Amino acid sequence: MNKKKIFNDPVYGFVTIPTELLFDLIEHSYFQRLRRIQQLGLTMFVYPGALHTRFHHALGAMHLMSLALRTLKDKGVAITAREGEAAQAAILLHDIGHGPLSHALERSIFHDVHHEEISLHLMQKLNAEFGGALDLAIAIFKGTYHRPFFHQLVSSQLDMDRLDYLNRDSFYTGVQEGRPGADRLIKMLTVVDEKLVLEEKAVYSIENFLVSRRLMYWQVYLHKTVTSAEQMVIRIMQRARDLVRTGVEVPASPNLHFFLSRNVTQQEFEQDDQILRRFTRLDDTDVWSAVKLWADHPDKVLNFLAQSLLDRRLFKITLQAEAFDDDFQVGIVELIAERFGLTHQEAAQLMISGRISNNAYDADGQDTIDVLTKRGRVVNVAEASDLPNIKALGQRVEKHYICYPKEIL
(Lines give C-alpha, C1' and ligand atoms only; values in the text may rest on other atoms or scores of the structure.)
Protein backbone atom coordinates (compact mmCIF):
# COMPACT_ATOMS: atom_id res chain seq x y z
CA MET A 1 0.00 0.00 0.00
CA ASN A 2 1.25 3.46 -0.92
CA LYS A 3 1.32 5.45 2.29
CA LYS A 4 2.94 8.62 0.96
CA LYS A 5 -0.35 10.41 0.42
CA ILE A 6 -1.11 13.96 -0.68
CA PHE A 7 -4.11 15.90 0.61
CA ASN A 8 -5.49 19.28 -0.36
CA ASP A 9 -5.49 21.76 2.52
CA PRO A 10 -7.55 24.95 2.03
CA VAL A 11 -4.90 27.02 3.82
CA TYR A 12 -1.65 25.65 2.33
CA GLY A 13 -2.68 23.80 -0.83
CA PHE A 14 -1.27 20.34 -1.48
CA VAL A 15 0.40 18.80 1.57
CA THR A 16 2.36 15.54 1.62
CA ILE A 17 2.46 12.85 4.30
CA PRO A 18 6.17 12.07 4.00
CA THR A 19 6.65 8.74 5.82
CA GLU A 20 4.79 5.52 6.51
CA LEU A 21 4.95 6.04 10.29
CA LEU A 22 3.22 9.43 10.02
CA PHE A 23 0.57 7.91 7.75
CA ASP A 24 -0.07 5.09 10.25
CA LEU A 25 -0.36 7.59 13.12
CA ILE A 26 -2.91 9.63 11.17
CA GLU A 27 -4.90 6.47 10.42
CA HIS A 28 -5.03 5.45 14.08
CA SER A 29 -8.38 5.77 15.88
CA TYR A 30 -6.84 8.07 18.52
CA PHE A 31 -5.96 10.57 15.81
CA GLN A 32 -9.12 10.09 13.73
CA ARG A 33 -11.13 11.18 16.79
CA LEU A 34 -9.79 14.69 16.21
CA ARG A 35 -12.05 14.91 13.15
CA ARG A 36 -14.94 15.08 15.62
CA ILE A 37 -13.53 17.85 17.83
CA GLN A 38 -13.86 21.42 16.61
CA GLN A 39 -10.72 23.50 16.78
CA LEU A 40 -12.49 26.60 18.08
CA GLY A 41 -15.20 25.08 20.24
CA LEU A 42 -18.16 27.48 20.39
CA THR A 43 -16.59 30.26 18.31
CA MET A 44 -18.98 29.37 15.48
CA PHE A 45 -21.68 31.21 17.47
CA VAL A 46 -19.87 34.41 16.43
CA TYR A 47 -17.96 33.35 13.29
CA PRO A 48 -20.15 30.92 11.30
CA GLY A 49 -17.21 29.63 9.26
CA ALA A 50 -15.20 28.50 12.29
CA LEU A 51 -16.10 24.83 11.87
CA HIS A 52 -12.65 23.36 11.27
CA THR A 53 -11.34 20.60 13.49
CA ARG A 54 -8.32 19.59 15.56
CA PHE A 55 -7.63 17.11 12.76
CA HIS A 56 -7.14 19.99 10.28
CA HIS A 57 -4.90 21.84 12.70
CA ALA A 58 -2.64 18.87 13.49
CA LEU A 59 -2.04 18.14 9.81
CA GLY A 60 -1.34 21.82 9.14
CA ALA A 61 1.16 22.02 12.01
CA MET A 62 2.92 18.92 10.65
CA HIS A 63 3.18 20.62 7.26
CA LEU A 64 4.68 23.78 8.76
CA MET A 65 7.14 21.61 10.68
CA SER A 66 8.28 20.04 7.42
CA LEU A 67 8.84 23.52 5.94
CA ALA A 68 10.80 24.63 9.02
CA LEU A 69 13.02 21.54 8.93
CA ARG A 70 13.71 22.08 5.23
CA THR A 71 14.66 25.72 5.90
CA LEU A 72 17.07 24.71 8.68
CA LYS A 73 18.65 22.00 6.54
CA ASP A 74 19.17 24.50 3.72
CA LYS A 75 21.05 26.71 6.20
CA GLY A 76 23.42 23.91 7.12
CA VAL A 77 21.75 22.60 10.29
CA ALA A 78 22.40 18.85 10.52
CA ILE A 79 19.06 17.06 10.86
CA THR A 80 18.81 13.32 10.33
CA ALA A 81 15.84 11.63 8.70
CA ARG A 82 15.02 10.06 12.06
CA GLU A 83 15.02 13.44 13.82
CA GLY A 84 12.89 15.00 11.10
CA GLU A 85 10.28 12.26 11.29
CA ALA A 86 10.24 12.43 15.10
CA ALA A 87 9.74 16.21 15.09
CA GLN A 88 6.83 15.87 12.67
CA ALA A 89 5.31 13.06 14.75
CA ALA A 90 5.61 15.19 17.91
CA ILE A 91 3.78 18.16 16.38
CA LEU A 92 1.23 15.87 14.71
CA LEU A 93 0.28 14.36 18.07
CA HIS A 94 0.63 17.46 20.26
CA ASP A 95 -3.18 17.92 20.55
CA ILE A 96 -4.23 14.27 20.55
CA GLY A 97 -5.33 14.55 24.20
CA HIS A 98 -7.91 17.30 23.62
CA GLY A 99 -11.38 16.63 24.98
CA PRO A 100 -14.76 17.69 23.54
CA LEU A 101 -15.20 21.31 22.43
CA SER A 102 -11.44 21.84 22.79
CA HIS A 103 -10.62 23.96 25.88
CA ALA A 104 -14.18 24.70 26.96
CA LEU A 105 -14.76 21.49 28.93
CA GLU A 106 -11.25 20.72 30.13
CA ARG A 107 -12.02 21.72 33.72
CA SER A 108 -15.70 20.82 33.96
CA ILE A 109 -15.50 17.14 32.99
CA PHE A 110 -12.09 16.20 34.39
CA HIS A 111 -10.43 16.76 37.76
CA ASP A 112 -6.99 18.36 37.48
CA VAL A 113 -6.27 16.58 34.18
CA HIS A 114 -4.86 18.70 31.34
CA HIS A 115 -4.87 17.86 27.65
CA GLU A 116 -1.06 18.09 27.44
CA GLU A 117 -0.73 15.28 30.00
CA ILE A 118 -3.31 13.15 28.21
CA SER A 119 -1.52 13.81 24.91
CA LEU A 120 1.73 12.54 26.40
CA HIS A 121 0.02 9.46 27.83
CA LEU A 122 -1.61 8.67 24.47
CA MET A 123 1.76 9.12 22.73
CA GLN A 124 3.27 6.61 25.15
CA LYS A 125 0.43 4.16 24.42
CA LEU A 126 1.01 4.60 20.69
CA ASN A 127 4.73 4.14 21.21
CA ALA A 128 4.13 0.76 22.82
CA GLU A 129 1.80 -0.18 19.98
CA PHE A 130 4.35 0.88 17.35
CA GLY A 131 7.26 -0.92 18.99
CA GLY A 132 9.16 2.10 20.30
CA ALA A 133 9.00 4.07 17.04
CA LEU A 134 7.97 7.22 18.97
CA ASP A 135 10.81 7.23 21.54
CA LEU A 136 12.49 10.24 19.96
CA ALA A 137 9.20 12.03 19.25
CA ILE A 138 8.25 11.76 22.93
CA ALA A 139 11.68 13.07 24.02
CA ILE A 140 11.23 16.05 21.69
CA PHE A 141 7.66 16.64 22.95
CA LYS A 142 8.82 16.55 26.59
CA GLY A 143 11.86 18.75 25.91
CA THR A 144 14.37 16.14 27.10
CA TYR A 145 16.15 15.63 23.77
CA HIS A 146 19.68 17.05 23.80
CA ARG A 147 18.95 19.34 20.81
CA PRO A 148 16.41 21.79 22.32
CA PHE A 149 15.52 23.55 19.07
CA PHE A 150 13.35 20.57 18.11
CA HIS A 151 11.20 21.08 21.22
CA GLN A 152 11.06 24.81 20.50
CA LEU A 153 9.58 24.04 17.08
CA VAL A 154 6.86 22.02 18.84
CA SER A 155 6.25 24.20 21.91
CA SER A 156 7.52 27.74 22.44
CA GLN A 157 6.34 31.31 22.01
CA LEU A 158 6.88 30.98 18.26
CA ASP A 159 6.26 27.35 17.35
CA MET A 160 4.57 25.55 14.49
CA ASP A 161 1.47 25.01 16.63
CA ARG A 162 0.88 28.74 17.06
CA LEU A 163 1.75 29.58 13.48
CA ASP A 164 -0.78 27.08 12.17
CA TYR A 165 -3.65 27.88 14.51
CA LEU A 166 -3.30 31.62 13.90
CA ASN A 167 -3.14 31.04 10.13
CA ARG A 168 -5.98 28.53 10.11
CA ASP A 169 -8.26 30.28 12.59
CA SER A 170 -7.93 33.63 10.82
CA PHE A 171 -8.73 31.88 7.52
CA TYR A 172 -11.88 30.16 8.77
CA THR A 173 -13.17 33.09 10.82
CA GLY A 174 -12.42 35.59 8.06
CA VAL A 175 -10.37 37.77 10.43
CA GLN A 176 -7.66 38.55 7.90
CA GLU A 177 -5.79 40.85 10.30
CA GLY A 178 -4.90 37.75 12.31
CA ARG A 179 -2.65 36.24 9.64
CA PRO A 180 0.81 35.89 11.25
CA GLY A 181 3.02 35.87 8.14
CA ALA A 182 4.08 32.28 8.76
CA ASP A 183 5.95 31.80 5.47
CA ARG A 184 8.43 34.60 6.11
CA LEU A 185 8.91 33.69 9.78
CA ILE A 186 9.76 30.10 8.85
CA LYS A 187 12.23 31.29 6.19
CA MET A 188 13.97 33.40 8.85
CA LEU A 189 14.55 30.50 11.27
CA THR A 190 18.04 29.31 12.12
CA VAL A 191 19.85 27.51 14.94
CA VAL A 192 22.64 28.81 17.22
CA ASP A 193 24.13 26.51 19.88
CA GLU A 194 21.27 24.06 19.27
CA LYS A 195 18.68 26.73 20.12
CA LEU A 196 16.10 28.19 17.77
CA VAL A 197 16.57 31.83 16.76
CA LEU A 198 15.44 34.10 13.95
CA GLU A 199 17.57 36.29 11.74
CA GLU A 200 17.62 39.98 12.65
CA LYS A 201 15.73 40.98 9.52
CA ALA A 202 12.73 39.05 10.88
CA VAL A 203 12.16 41.57 13.71
CA TYR A 204 9.25 43.32 12.00
CA SER A 205 7.74 39.95 11.01
CA ILE A 206 7.92 38.87 14.66
CA GLU A 207 6.19 42.07 15.68
CA ASN A 208 3.47 41.40 13.10
CA PHE A 209 3.10 37.85 14.48
CA LEU A 210 2.69 39.13 18.05
CA VAL A 211 0.20 41.81 17.00
CA SER A 212 -1.76 39.17 15.08
CA ARG A 213 -1.77 36.91 18.10
CA ARG A 214 -3.03 39.63 20.41
CA LEU A 215 -5.71 40.64 17.94
CA MET A 216 -6.88 37.04 17.48
CA TYR A 217 -7.16 36.53 21.23
CA TRP A 218 -9.34 39.57 21.84
CA GLN A 219 -11.30 39.42 18.57
CA VAL A 220 -11.76 35.63 18.35
CA TYR A 221 -10.61 33.40 21.23
CA LEU A 222 -11.67 35.77 24.02
CA HIS A 223 -14.46 37.54 22.13
CA LYS A 224 -17.06 38.44 24.72
CA THR A 225 -19.87 36.50 23.02
CA VAL A 226 -17.64 33.44 22.64
CA THR A 227 -16.77 33.77 26.32
CA SER A 228 -20.48 33.86 27.20
CA ALA A 229 -21.21 30.73 25.13
CA GLU A 230 -18.23 28.83 26.57
CA GLN A 231 -19.16 29.73 30.13
CA MET A 232 -22.72 28.57 29.48
CA VAL A 233 -21.63 25.14 28.24
CA ILE A 234 -19.22 24.82 31.17
CA ARG A 235 -22.06 25.65 33.57
CA ILE A 236 -24.31 23.14 31.77
CA MET A 237 -21.75 20.38 32.33
CA GLN A 238 -21.21 21.42 35.95
CA ARG A 239 -24.97 21.37 36.61
CA ALA A 240 -25.36 17.97 34.94
CA ARG A 241 -22.38 16.64 36.91
CA ASP A 242 -23.80 17.90 40.22
CA LEU A 243 -27.20 16.36 39.50
CA VAL A 244 -25.71 13.00 38.53
CA ARG A 245 -23.63 12.89 41.71
CA THR A 246 -26.70 13.54 43.86
CA GLY A 247 -28.56 10.63 42.28
CA VAL A 248 -30.69 12.52 39.77
CA GLU A 249 -31.15 10.75 36.45
CA VAL A 250 -29.42 12.72 33.70
CA PRO A 251 -29.36 11.02 30.27
CA ALA A 252 -26.07 11.03 28.37
CA SER A 253 -23.93 8.70 26.30
CA PRO A 254 -22.28 5.99 28.44
CA ASN A 255 -18.83 7.55 28.11
CA LEU A 256 -19.95 11.09 28.94
CA HIS A 257 -22.07 9.81 31.84
CA PHE A 258 -19.03 7.99 33.22
CA PHE A 259 -16.99 11.20 33.43
CA LEU A 260 -19.93 13.19 34.82
CA SER A 261 -20.43 10.65 37.59
CA ARG A 262 -16.91 10.63 39.02
CA ASN A 263 -13.74 12.67 39.46
CA VAL A 264 -11.10 11.10 37.25
CA THR A 265 -7.52 11.99 38.15
CA GLN A 266 -4.39 11.90 36.03
CA GLN A 267 -3.20 8.86 37.98
CA GLU A 268 -6.40 6.97 37.17
CA PHE A 269 -6.00 7.87 33.50
CA GLU A 270 -2.55 6.34 33.48
CA GLN A 271 -3.42 3.23 35.49
CA ASP A 272 -6.80 2.23 34.05
CA ASP A 273 -6.92 1.48 30.32
CA GLN A 274 -10.72 1.38 30.41
CA ILE A 275 -10.82 5.05 31.43
CA LEU A 276 -8.51 5.91 28.56
CA ARG A 277 -10.68 3.86 26.20
CA ARG A 278 -13.76 5.81 27.32
CA PHE A 279 -11.94 9.11 26.83
CA THR A 280 -10.80 8.27 23.29
CA ARG A 281 -14.44 7.60 22.36
CA LEU A 282 -15.59 10.97 23.68
CA ASP A 283 -16.03 13.89 21.27
CA ASP A 284 -18.23 16.89 20.46
CA THR A 285 -21.10 14.62 19.39
CA ASP A 286 -21.50 13.32 22.95
CA VAL A 287 -21.80 16.86 24.31
CA TRP A 288 -24.28 18.18 21.74
CA SER A 289 -26.43 15.04 21.96
CA ALA A 290 -26.55 15.46 25.73
CA VAL A 291 -27.40 19.17 25.54
CA LYS A 292 -30.33 18.36 23.22
CA LEU A 293 -31.62 15.79 25.73
CA TRP A 294 -31.14 18.12 28.67
CA ALA A 295 -33.25 20.84 27.06
CA ASP A 296 -36.24 18.73 28.18
CA HIS A 297 -34.88 17.81 31.61
CA PRO A 298 -37.15 18.50 34.62
CA ASP A 299 -34.37 20.41 36.40
CA LYS A 300 -35.19 24.07 35.71
CA VAL A 301 -31.57 25.26 35.65
CA LEU A 302 -30.27 22.52 33.33
CA ASN A 303 -33.33 22.84 31.11
CA PHE A 304 -32.98 26.62 30.76
CA LEU A 305 -29.23 26.56 30.11
CA ALA A 306 -29.43 23.77 27.53
CA GLN A 307 -32.38 25.25 25.61
CA SER A 308 -30.79 28.71 25.64
CA LEU A 309 -27.57 27.36 24.17
CA LEU A 310 -29.38 25.38 21.47
CA ASP A 311 -31.42 28.45 20.47
CA ARG A 312 -28.38 30.75 20.73
CA ARG A 313 -30.08 32.82 23.42
CA LEU A 314 -26.70 33.56 24.93
CA PHE A 315 -26.26 35.28 28.27
CA LYS A 316 -25.67 38.99 28.44
CA ILE A 317 -22.00 39.57 29.23
CA THR A 318 -20.41 42.69 30.68
CA LEU A 319 -16.65 43.25 30.93
CA GLN A 320 -14.70 45.75 32.98
CA ALA A 321 -11.19 46.28 34.30
CA GLU A 322 -11.99 45.70 37.99
CA ALA A 323 -13.85 42.88 39.76
CA PHE A 324 -17.62 43.24 40.05
CA ASP A 325 -18.98 44.38 43.39
CA ASP A 326 -20.46 41.63 45.61
CA ASP A 327 -23.67 43.61 46.12
CA PHE A 328 -24.09 43.94 42.35
CA GLN A 329 -23.76 40.17 41.94
CA VAL A 330 -26.25 39.52 44.73
CA GLY A 331 -28.67 41.89 43.00
CA ILE A 332 -28.32 39.98 39.72
CA VAL A 333 -29.08 36.68 41.48
CA GLU A 334 -32.17 38.17 43.13
CA LEU A 335 -33.47 39.42 39.78
CA ILE A 336 -32.93 35.97 38.24
CA ALA A 337 -34.72 34.25 41.12
CA GLU A 338 -37.68 36.63 40.82
CA ARG A 339 -37.89 36.43 37.01
CA PHE A 340 -37.74 32.62 36.75
CA GLY A 341 -39.27 31.57 40.07
CA LEU A 342 -36.09 29.91 41.32
CA THR A 343 -34.53 29.51 44.72
CA HIS A 344 -31.53 31.70 45.50
CA GLN A 345 -29.24 28.67 45.11
CA GLU A 346 -30.72 27.77 41.72
CA ALA A 347 -30.61 31.38 40.52
CA ALA A 348 -26.92 31.59 41.41
CA GLN A 349 -26.30 28.87 38.79
CA LEU A 350 -27.55 31.27 36.11
CA MET A 351 -25.07 34.01 36.95
CA ILE A 352 -21.46 33.43 35.94
CA SER A 353 -18.52 35.64 36.83
CA GLY A 354 -14.80 35.34 36.25
CA ARG A 355 -11.92 36.93 34.42
CA ILE A 356 -9.99 36.60 31.18
CA SER A 357 -6.47 37.75 30.48
CA ASN A 358 -3.90 37.74 27.72
CA ASN A 359 -0.43 38.91 26.90
CA ALA A 360 0.91 38.33 23.40
CA TYR A 361 4.54 37.90 24.48
CA ASP A 362 6.27 37.02 27.76
CA ALA A 363 9.52 38.95 27.37
CA ASP A 364 10.76 38.06 30.86
CA GLY A 365 10.15 34.31 30.77
CA GLN A 366 12.64 31.55 30.11
CA ASP A 367 11.08 30.77 26.74
CA THR A 368 11.75 33.98 24.80
CA ILE A 369 11.83 34.66 21.07
CA ASP A 370 15.50 35.27 20.31
CA VAL A 371 17.08 37.06 17.37
CA LEU A 372 20.54 36.60 15.85
CA THR A 373 21.97 40.07 15.16
CA LYS A 374 24.24 40.83 12.22
CA ARG A 375 27.14 41.01 14.69
CA GLY A 376 26.52 37.45 15.78
CA ARG A 377 24.85 38.14 19.15
CA VAL A 378 21.70 36.34 20.25
CA VAL A 379 19.29 38.73 21.99
CA ASN A 380 15.67 38.81 23.09
CA VAL A 381 13.49 40.25 20.33
CA ALA A 382 12.28 42.88 22.81
CA GLU A 383 15.87 44.21 22.88
CA ALA A 384 16.49 43.80 19.15
CA SER A 385 13.47 45.82 18.07
CA ASP A 386 13.64 49.61 17.78
CA LEU A 387 9.87 49.72 18.12
CA PRO A 388 8.15 49.97 21.52
CA ASN A 389 5.29 47.69 20.41
CA ILE A 390 6.95 44.40 21.34
CA LYS A 391 7.58 45.49 24.92
CA ALA A 392 4.02 46.83 25.13
CA LEU A 393 2.66 43.52 23.83
CA GLY A 394 4.26 41.84 26.83
CA GLN A 395 1.92 43.65 29.20
CA ARG A 396 -0.82 41.36 30.52
CA VAL A 397 -4.33 42.74 30.05
CA GLU A 398 -6.98 41.39 32.41
CA LYS A 399 -10.74 41.83 32.18
CA HIS A 400 -13.45 40.75 34.61
CA TYR A 401 -16.78 39.54 33.28
CA ILE A 402 -20.25 38.73 34.49
CA CYS A 403 -22.88 36.76 32.50
CA TYR A 404 -26.60 36.42 33.16
CA PRO A 405 -29.86 35.82 31.20
CA LYS A 406 -30.95 38.75 29.07
CA GLU A 407 -34.52 38.19 30.19
CA ILE A 408 -33.89 39.99 33.49
CA LEU A 409 -32.96 43.28 31.81
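Arg168 is buried in this predicted model, at a relative accessible area of 1%, where buried stands for under 20% relative accessible area, exposed for over 50% and partly exposed for values in between (1.4 Å probe, protein chains only). Because the model is predicted, local features need pLDDT of at least 70 and side-chain atom pairs count only at pLDDT 80 or more, while totals for chains, interfaces and linings use all residues. Residues are numbered from 1 along each chain as its sequence is written, and side-chain values use heavy atoms, with hydrogens and water left out.

The Arg168 side chain meets that of Asp9 in a salt bridge, with 3.1 Å from N to O; a salt bridge here is a side-chain nitrogen of Lys or Arg within 4 Å of a carboxyl oxygen of Asp or Glu. This pair links distant parts of the chain, as Arg168 belongs to helix 9 (residues 160-173) and Asp9 to strand 1 (residues 6-9), 159 residues apart. Helices (H or I, at least four residues) and strands (E, at least two) are DSSP runs, numbered from the N terminus. Asp9 is buried as well, with a relative accessible area of 5%.

A second salt bridge brings Glu194 to Arg147, and their closest N and O atoms are 2.8 Å apart. Glu194 sits in the loop between strand 3 (189-192) and strand 4 (195-199), and Arg147 in the loop between helix 7 (135-142) and helix 8 (149-154), so the contact ties together parts that are 47 residues apart in sequence. Of these two residues, Arg147 is buried at a relative accessible area of 10%, whereas Glu194 is partly exposed at 29%.

Next come Arg262 and Glu268, whose side chains form a salt bridge with an N to O distance of 2.9 Å. Arg262 is partly exposed at 32% relative accessibility, and Glu268 is partly exposed with a relative accessible area of 24%. Elsewhere, salt bridges with shared partners join Asp9, Asp164 and Arg168 into one network. Over the whole structure, the search finds 16 salt bridges.

Strand 7 (residues 370-372) and strand 8 run antiparallel and are joined by three bridges. Val371 has Val379 in strand 8 as its bridge partner.

Another open sheet contains three strands in the order 5-9-6, and its pairing is antiparallel. Here the edges are strand 5 (316-320) and strand 6 (352-358); each has a single partner strand, so one side of each lacks a neighbour in the sheet. The twist in this case averages 25° from one strand to the next. Seven bridges pair strand 6 with strand 9 (residues 397-404) in the antiparallel sense, and Asn358 has Val397 in strand 9 as its bridge partner. Helix 11 (residues 203-221) packs on this sheet and touches strand 6 and strand 9, its direction making about 165° with that of strand 6; contact means heavy atoms within 4.5 Å.

Definitions and conventions. Two strands pair if DSSP finds at least two bridges between them. Axes are lines fitted to C-alpha atoms, for helices over the stretch in contact, and angles run from 0 to 180 degrees between N-to-C directions.
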